[in-house]
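Here is a brief report on one chain. Look over the sequence and the structure before reading on.

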Amino acid sequence: MPEPDLHSSASTPGPVQPGLGVEDIRHIPVRERELRFTRNRAGAILAASGCLLAVIAAFLQLTGHDTITPYLPAPLWAMQAAALGPAVLCLYLGIRCLKYAAVIVTPLGVEILPFLRPRRTMRWYLWQQMDSVDRKGRHLNLHLADGPAVSISLRSMTPASRDLLVHAVRQRVKALQCSHYGKA
């Protein structure tokens, strides 16, 4: 039986197929890559709630079409507005949660973006500032060298995203501690 050719074009990784939604990132150096974590759990719940409220408003429109009389108008228009207003708000907030990042792990550190006014109130913690990292329930605690611990809520993320974030931050802090990078 012939030996397989390990260096053939079939065994070498090729570029990512177009149309999958991802680009080939091998040309970007590893130190310049970042991990973005969105509020995907909260976004999915809000988007589903918005769709449910929109369906309720449509149901009220379809069932109450012939019930309005000139003498006693039915309150269906008010009920539709009461369902449609929050539906639009829930859909907007759900899409915003799914689209924008909550936590970004970069080669320089951890960037925390709050939900409201992220450009003004974002917090940035460099890897050299962190002594240790631990997870307590649905919170990730960054213990800083020059102050108290910073707690990041992981409640709005899915369990898989939580585990990936905790693993990525722990491994980065552990690697920097072992190499004594940034220490005098």
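Which residue in β4 is the bridge partner of Gly109? The partner is Leu126. The model behind this report is predicted.

## Overall make-up

The chain holds 4 helices and 7 strands. Starting at the N terminus, the order of elements is β-α-α-β-β-α-β-β-β-β-α.

The chain has 184 residues, and 26% of them count as buried.

## The open sheet

An open sheet is built from 4 strands. Their order is β1-β2-β3-β4, with antiparallel pairing. The edges are taken by β1 (35–38) and β4 (123–126). Each has a single partner strand, so one side of each is left without a neighbour in the sheet. On average, neighbouring strands are turned by 15° against each other, direction ignored.

Strand β3 covers residues 109–112. It runs antiparallel to β4, and 4 bridges join the two. The pair Gly109 and Leu126 belongs to this β3–β4 contact.

Helix α4 (residues 159–179) lies across β1, β2 (101–105) and β3. Relative to β1, helix α4 runs at about 145°.

## A nonpolar patch at the surface

Four side chains make up a nonpolar surface patch: Leu108, Met122, Trp124 and Leu126. Together they have about 340 Å² of accessible area. Leu126 is also the bridge partner of Gly109.

Trp124 sits in strand β4.

## Gly43 in helix α1

Gly43 belongs to helix α1, which spans residues 40–63. Why does Gly43 count as buried? The reason is its relative accessibility of 0%, as buried means under 20%.

What does Gly43 touch beyond residues up to four places away in sequence? The contacts are Gly94, Cys97 and Leu98. Ile95 also comes into the picture: its C-alpha atom is separated from that of Gly43 by 6.3 Å. Along the chain, Gly43 and Ile95 are 52 residues apart.

Technical notes. Residues are numbered from 1 along each chain as its sequence is written. This is a predicted model: local features need pLDDT of at least 70, side-chain atom pairs count only at pLDDT 80 or more; totals for chains, interfaces and linings use all residues. Side-chain values use heavy atoms; hydrogens and water are left out. Buried means under 20% relative accessible area, exposed over 50%, partly exposed in between (1.4 Å probe, protein chains only). Contact means heavy atoms within 4.5 Å. Two strands pair if DSSP finds at least two bridges between them. Axes are lines fitted to C-alpha atoms, for helices over the stretch in contact, and angles run from 0 to 180 degrees between N-to-C directions. Patches are made of residues with over 30% relative accessible area and no salt bridge: like charges are joined within 9 Å, nonpolar side chains (Val, Leu, Ile, Met, Phe, Trp, Tyr) within 5 Å. Accessible areas come from the Shrake-Rupley method with a 1.4 Å probe; for residues, only the protein chains shown count as cover.
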